[in-house]
Amino acid sequence: MSAQLSGILFQLFQSLLVVAIAPLLLGWVNQCRAWLQNRSGAGVLQPYRTLRKLFHKDAVIAHNASPLFRVTPYILFSCMWLAAGVVPVLATDLPFSPAADVIALVGIFALARVFIALAAMDIGTSFGTLGARREMLVAFLAEPALLMVFFTASLISHSTQLPTIVEALAHTQFTLYPSMAFAAIAFVMILLAENARIPVDNPTTHLELTMIHEAMILEYSARHLALIEWASSIKLLAYTTIGFALFVPYGIAEAGNWAALPLALIALGVKLVAAGAGLALLETISAKMRIFRAPEFLGTAFLLAVLGMLIHFLLGA
Amino acid sequence: MQLEDLNIEFHALAGAIPAWRAQIGADRLQPVCAQVRESGGRLLALWGSDERANGQGFALHVALATHPGLLMLSLALDANQPAYPDISAIFPPAERMQRAAYDMLGLCAKDAVDQRKWIRHGCWPEGQFPLRKEFDFTQKMATGLDAYPFIPVLGDGVHEIPVGPVHAGTIEPGHFRFSIVGERVLRLEERLGYKHKGIEKLAETMDALQGAKLAGRVSGDATCAYAWAYAMALESMTGVTPPPRALLLRALLLERERIHNHLGDLGYLGNDVALSFGFAQFWILKEDVLRANGALFGHRYLMDRIIPGGVACDLPPQGKARLLAETEKLEQEIGTLRAIYDEHAGLQDRFLTTGRVSPDRAAKLGLTGLPGRASGQAWDLRAQYPCAPYNELDVRMATHRNGDVAARAIVRVEEVLESLRLTRLILDKLTEGPLTAPVPSAPAGAYGIGMVEGWRGEVLIGLQVGADNRIARMHPHDPSWQNWPVLEHAVIGNIVPDFPLINKSFNLSYTGQDL
């Protein structure tokens, strides 16, 4: 089997894997939250059941919806799938790896956001517009902070390509990077904001007036909603695996080292279990902040990321 | 203020609470109201009745709370042109009650600024008044468009958000119209009445004993308060005094209703700031209380446990030990959860200064009940007009002066703790004895009033009985009548996403005032 063919097969495997396990991560986070609140919870498979239910329903679409409203769920899903597919989840040398430039990644997320915000305003309900407006407030602060985190990492590896960053951090001699500690805290804050988690947004709320992400998708139903929900869980997985690639890249298989794959799979599982539990813990102990605290929150994230860069220049590490 | 100052001939109403009644002329209404207001009194309720069957016209009933007790003013109105002077300029809460009195009976408040319909919506044509005796509620009426004229707010960048009546969560229906700039609320206008179900009309087909069941269903979460208020009204007109054990059990049930509702609200307040931990913990406690209710009294929400003449359930022999153990556990758990709420920076940041109603504004707008006490309005029937058995319990009223969401949460916690203390006292005082006293038929034309401090505030029931013990008019009044309009003021200047939290901290009844 040629290296190229096996590479493509492997790319296919990873792409399918992320799509398949993304709802599981969400289910795990929800299950951990339930346990932390003394509830028994719906089980880790609940997101799959929700998706199945939604795919079986008939979609209800407003009469004045434009084609944009209909295609947005597919665009959203494709963007998130692409993003999760190019992140080095299991191995660094994938045929799509050259595309895994961190700046391009930020661009993919931004593209998805533009479409969902436009679709939210498309029907003209007040909640959609409200949600789109708030989403943009959060996004325009989160994006520069995210870029700063990436720059800190790329200063160490002299590249904005995720596989190169992983190679530099994981497969060279073990070094502690103080700058990366700051960047890691900033990244977690951005992850919470970008994935509509507490304390910035509340993914489980039913209060229309407080919603950010949920307000934008209130008008979606059935398969459209299913795709959006699925895309959201893939986005969470993508962010989590980007976090792994930057801060705990250990276990990701080296280029061409196929034997390391089973270990990489186990490492990914362990890291996801830990990250999901950590996320649930963070969400359980925090309350949602006022929307106008979000700029402060993301400002802090930005500041931490910049501090990380400064420390890199000061200490050279 | 002394009653003599008003220069009206009052006659005392029999019953558990101090109350006086007087017939006054229309010209005296405004001066009397102004004098009561001046001396620190409040408007409790306003409703009308159709007295044309007795050879008179219509009547308007105004219930006022003063320091000596409850004053019931009745005005005789003309049968063809029923009109009376507007009192909403003196008592702002009167506005919606007056509008409802017009929609239901056609009683017109002359010179009132706001003459829009309130309860009618599009479901019955103008000029049809359901509470008039000739109105046949079995007939099907033509429905029309609501076309309710909301008050617009104009200006650069001002836009409206219509919310409801159907909400994303499982809550009661109500429409809220926000006028906002960015996220800031300039004005909120409520449109309620979606839960109108003809309770008052239905009551007029019942006899006085059947009415008790209906009264207990006006607002299911306050069923004990309504049932007791109704029983009190009927007992006052029939001269019945329930036996001591029954009265103690009533207080026990009412306090348990307060406890489970406050626990539920404290959980919801946590949930609304996404602190689901608090939500789950408080709701575990609430569920334990409900299960104990089911096991000991036969109904989780204590419906139909309080009946005219006494109570329909007894505390089983093993009940006392179970309730004492529950009380101790609740005190501990609430102490722990209170500390968590108090020390949670994120939660306190959301609660403090949110939805503030200053004591001045609360007094002016007539805020009452629990939100009133959180804004320095020290009214609690259990402390001020303590009827048996509260006269022996020395209820300590919980108040606060900040008037924000945090203050309302604190008052809730303190009231639960006080209710737990009362539970202990009641269990201590409980002696063996009969549970009911026989209730004879009420004399024709009798008039009774009952008032109980429910968990939202004072629940009042005005009752008139005609011939053969039939109900001629029943008016249940929920404190939400007074508090809904104040909620509109409480959100001004706050941001839109804080509205659900402010709303929940008031937790007013839709069904209780839509009737």
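Strand β14 of chain B is mostly covered: eight of its eight residues are buried. Here a residue is called buried if 20 or more other C-beta atoms lie within 10 Å of its own, exposed if 12 or fewer, and partly exposed in between, with the C-beta atoms placed from the backbone. Strands and helices are DSSP runs, E for strands (at least two residues) and H or I for helices (at least four), numbered from the N terminus. On one side of β14(B) you'll find B:Glu458, B:Leu460, B:Gly462 and B:Gln464, and on the other B:Val459, B:Ile461, B:Leu463 and B:Val465.

Before going on, a word on what you're looking at: this is a predicted model, where local features need pLDDT of at least 70, side-chain atom pairs count only at pLDDT 80 or more, and totals for chains, interfaces and linings use all residues. Residues are numbered from 1 along each chain as its sequence is written, while chains are lettered from A and ligands numbered from 1 in the order in which they are written. As for confidence, pLDDT is the predictor's own score for each residue, from 0 to 100. Chain B has a mean pLDDT of 92, and 100% of its residues reach 70 or more. For the complex, the predictor gives an ipTM of 0.87 and a pTM of 0.92.

Back to the strands. Strands of a sheet pair through backbone hydrogen bonds, either parallel or antiparallel. In chain B, three of them form an open sheet in the order β13-β14-β15, with antiparallel pairing; two strands count as paired if DSSP finds at least two bridges between them. The edge strands are β13 (447–453) and β15 (471–477) of chain B, each pairing on one side only.

Take β13(B) next. Its pairing with β14(B) (residues 458–465) runs over seven bridges.

β14(B) and β15(B) pair in the antiparallel sense over six bridges, and B:Gln464 stands opposite B:Arg473. These two strands also make a hairpin, with five residues between them, and B:Asp468 in the turn has a positive phi of about 55 degrees.

Why does B:Asp478 count as buried? Because B:Asp478 has 29 C-beta neighbours inside 10 Å. Leaving out residues up to four places away in sequence, B:Asp478 touches B:Ser219, B:Arg456, B:Val459, B:Ser509, B:Gly512 and B:Gln513; contact calls for C-beta atoms, placed from the backbone, within 7 Å. B:Thr511 is 33 residues from B:Asp478 along the chain, and their C-alpha atoms are separated by 9.2 Å.

Chain A comes in too: 23 of its residues are in contact with 25 residues of chain B. Elsewhere on our tour, A:Ala110 lies in helix α4 (residues 102–122) of chain A. A:Ala110 is partly exposed, because 15 other C-beta atoms lie within 10 Å.

How values were computed
Contact = placed C-beta atoms within 7 Å.
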